[in-house]
Amino acid sequence: MRDYLLIYVNGRRYKISGKRGFQSLSDFLRNDLGKVGTKVVCAEGDCGSCTVLIGRVRDSQLLYEGIDSCIQYLYQLDCSHVITVEGLKDEAQIIHPVQKAMVDAAGSQCGYCTPGFVMALAAMIETGETLTRNSLQEGLTGNLCRCTGYEQIIDAGLSLNQEVIPKASKCYDAKLILADFMEHVVQPVYCEYEKKWNGVVSTSTVLCACVFRRSS
Ligand code: FES
Ligand code: FES
């Protein structure tokens, strides 16, 4: 049994304990880590501006997908690797090809939705989905833009050459992260925190269910 959650963000290891484990991933990224590239608009899973990639252990490997970070809580993410818009590129790149495609297609005006669209497109590349007009309309359906219009964003997606664009997860040492997760994923986790009810302070211990960590 351990008293901390283990989460990697852009390849960096974090141990999270106590009531910090009950905050949303978007709050953790923005407030605790200062990664404000992840935007929050609706805070209820409807607009996609907070999209990040999340890699979880499945069949002894890390599999990534896009999620809305405003409705994922840290206790749901034990033994996960989060990739944010800041962690999308490797050091050799100035911007990621998806970001460049958005620039070239004029897919951004105010820019508030843009990191979410970029991450949703990166998620489609990550899962190996073929980028067609239909698949893009489907894949980006959870991302809202109020000022640019969707045509330019679809054009950005259609301009991407999937054969040459590296998956974002390839920027990170999957072996090292996976080995760390495989060691930890079998342990139950508890978070202990103080709570106040009617002026009385008490300590609560919550077992963070392992159902979110189906693995191996
Ligand atoms: S802020 Fe997360 S979906 Fe809108
Ligand atoms: S660019 Fe302004 S909301 Fe999409």
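Strands are DSSP runs of E with at least two residues, numbered from the N terminus. With that in hand, let us look at some close-ups of this predicted model.

**View 1. The loop between β3 and β4 holds S60.** Take a look at the backbone here: S60 has a positive phi of about 60 degrees, although S60 is not a glycine. D59 has 7 C-beta neighbours inside 10 Å, so D59 is exposed. S60 has 10 such neighbours, so S60 is exposed too.

**View 2. Helix α2 (residues 97-104) packs with helix α3 (residues 114-126).** Two packed helices are described by the angle between their axes and the distance between the axes. Here the angle is about 125 degrees and the axes are 9 Å apart, so α2 and α3 are oblique to each other. The crossing of α2 past α3 is right-handed. Which residues make the contact? On α2 they are V98, Q99 and M102, and on α3 they are T114, F117, V118, L121 and A122. Sorted by class, the contact has 6 nonpolar and 2 polar residues, with no charged ones.

**View 3. Helix α3 is largely enclosed by the rest of the structure, because 13 of its 13 residues are buried.** From first C-alpha to last, α3 reaches 18 Å, close to the 18 Å expected at 1.5 Å a residue. Just after α3 comes G128, with a positive phi of about 75 degrees.

Notes. Residues are numbered from 1 along each chain as its sequence is written. Chains are lettered from A and ligands numbered from 1 in the order in which they are written. This is a predicted model: local features need pLDDT of at least 70, side-chain atom pairs count only at pLDDT 80 or more; totals for chains, interfaces and linings use all residues. Axes are lines fitted to C-alpha atoms, for helices over the stretch in contact, and angles run from 0 to 180 degrees between N-to-C directions. Helices (H or I, at least four residues) and strands (E, at least two) are DSSP runs, numbered from the N terminus. Angles under 35 degrees count as roughly parallel, over 145 as roughly antiparallel, 65 to 115 as roughly perpendicular and the rest as oblique. A crossing is left-handed if the near helix is turned anticlockwise from the far one by less than a right angle, and right-handed if clockwise. Two residues are in contact if their C-beta atoms, placed from the backbone, lie within 7 Å. Ala, Val, Leu, Ile, Met, Phe, Trp, Tyr, Cys and Pro count as nonpolar, Asp, Glu, Lys and Arg as charged, and the others, Gly among them, as polar. The expected span of a helix is 1.5 Å times one less than its number of residues. A residue is buried if 20 or more other C-beta atoms lie within 10 Å of its own, exposed if 12 or fewer, and partly exposed in between; C-beta atoms are placed from the backbone.
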